[in-house]
Every structure is written in C-alpha cells, then in structure tokens.
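Here are some notes for a first look at this model. Please keep the structure open while reading.

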Amino acid sequence: MSRERPGTTSAYYRACVRYLAIDIGGSKTAVAVVSEGAITGYTTWPSASHASESLDRIISTCLSMIDDISACGVAFGGVFDFPQQKCVRSMHVSGWEGTDISSVLQHALGIPVVTDNDANVAALGEYSLLDQHEDPLLYVTISTGVGAAIVANHQLIRGAHSMFGELGHLPLGHDKPCNCGQIGCFERAVSGYWLETDHGRPAADVLADPEIHRQWVADIATGLWCASVVLDPAVIVIGGGMSAQGGRLLNPLTQALAQKASKSKRPPPAVRLGDPTGRTVLVGAAVMAREAERGSR
Ligand SMILES: [Zn+2]
C-alpha cells in the first residue's frame, strides 16, 4: 500500500475538520472557514488603518462564523516573531507592534489559535499542492510588499529570528531608500506599494508600460537569482497580487533565470505562479490551525 507524505492535498483534506483561517494583509483582511478542502463563508474587507480597529472587526466576524470550529490559523502581513507569537511590525498598518494576535483571538474565540507571517502561511498552502519531488520550495509573494518563505522536508524553516528567507529587503544595488531604513531593497524595486507610490497610479497601469515592465521583471529575476544561489530551491512559486500578471511575468522571468543559471553552469529552479487571489494562504492557515489543534490536546 502506498504511503502518503504529510501535507499532500489528499492527506490534508481527509484530516481537515473545520478551521477558521484569517489573512491580515496590508491592504485587505479576509476570514474564511476551511472545511474538507473547501473554503466557505469567505468574507473580506479593506484593512483598517490601526491594529485595534482591525482586531475588533476580525473578532466580531469570527464570532459570527465560529460554529463547530476546531482551531484557528492566522496569516499576518508583516514581520512576526513566531516563538513569542508577537507582531514585530507591519510596514503599512500602525499599532501592531508587540501584539500577541494568537492570545487575543484565543481569549475572544475560545479555541486554539496560531499565527505566523503571511508568506510562511502561504508557503504551507502552496507546498500542500506540490508534487513530492518539488522540495525545497521557495515561495515569494509580490503584492503590496514582498515576502518569502522556505519549506523543506515538510517543514517551514524559520531561522533564529523568524526571518529565514525574507527576501524583501535583500539589497539589489539601486539607489532608492526603502521603508525599512536600507537603500536599494528588492521590495523597493518590485512591490505594488512602491510602483504605485513612485508613479502615482495603480500598479497594473504602471506595468502596462513595456519599458517599466521589462525593468520590473529584470529586478525580480535578479532578486530570485540571488536567493537561488544561496538556497538552491527545486521550485520557486510566485504568489501575491502581482502574480496576476500571468504569462507576461512567468515567461520572461523563467527565461531570465535560465540564462543566469546557464552562465553559472547550474540547473535553473522551476518557476510557477501561485494563487493570485490570496486563497492559498487561507488553506495554509488551516494547515497551521490543524497543528495548533493537535498541540492543544
Ligand atoms: Zn527594505
């Protein structure tokens, strides 16, 4: 009889009961119930400008969806200290610093809650959908900001400070100052927030310009190549809202990475587009919630 590895889609769906999944992003917040592989009761709204307002709405929404829920997983759009379960900072929403989201929600909802940064959670969701040989996975989300995560041998690699694989503030060598205090960051060159800030119109409109788009893809390729040299992933999955560029991003990016790999005489990583709708992060939050439920027994 064949044995299925933990985290495969079928194994996950079979084990799934009903979990609350929350995605707290820089621009929008979503709450869903994930049950037997289906996302139900999905609701989303523009993120509030302050953490306390955001938490109030999350709690009231969750309480309206709490029937027969076993546990809750939360994806936080910012730097997050996983061992302490505390927000370090959000780049785009004030008031999150030091907040223990899991304790606040656990107290309000009466179920186990676990939180991690949204790139880690989305990586768990994408990993659950991959073929077994595509390991390790480097997940990179390009949206309002840039996040990244590594899953190897079914485990998220978190590092000493919950920052393993965070590529957003990798220096690319350009001269633009970033919100993090450094100059020349990967995120500063390619994120939706900065495209809109620099050009004063929606990122999708900005990227309609062929020359801006060409440079944008080149900058993404440079960042991902730097990451590949260090991490040697089998597959890179590009998620986040900007992955909605589809083949217009995937094709030139795959070509650029293949050229860089050829020059260095090493195999290129496979490149895939992830889910641009943000729903995979909710599947990942449910995977994490399942682990929280097991840990509470
Ligand atoms: Zn930066």
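1. Contact here means heavy atoms within 4.5 Å. Leaving aside neighbours within four places in sequence, Trp225 is in contact with Leu257, Lys260, Ala261, Ser264 and Arg266.

2. A word on the basis. This is a predicted model, where local features need pLDDT of at least 70, side-chain atom pairs count only at pLDDT 80 or more, and totals for chains, interfaces and linings use all residues. Residues are numbered from 1 along each chain as its sequence is written, and side-chain values use heavy atoms, with hydrogens and water left out.

3. Where does Trp225 lie? Trp225 belongs to helix 8, residues 210-231. Helices are DSSP runs (H or I, at least four residues), numbered from the N terminus. Trp225 is buried, at 12% relative accessibility. Buried means under 20% relative accessible area, exposed over 50%, and partly exposed in between (1.4 Å probe, protein chains only). Val146 is 79 residues from Trp225 along the chain, and their C-alpha atoms are separated by 15 Å.

4. His213 is also found in helix 8. Its relative accessibility is 7%, so His213 counts as buried. Beyond neighbours within four places in sequence, His213 is in contact with Leu207, Gln245 and Arg248.

5. How many disulfides are there? A search of the whole structure finds zero. Cys87 is in no disulfide, and the nearest cysteine sulfur, that of Cys72, is 13 Å away. The cut-off for a disulfide is a pair of cysteine sulfur atoms within 2.5 Å.

6. Cys87 is buried, with a relative accessible area of 3%. Cys180 is partly exposed, at 27%.

Notes:
Helices (H or I, at least four residues) and strands (E, at least two) are DSSP runs, numbered from the N terminus.
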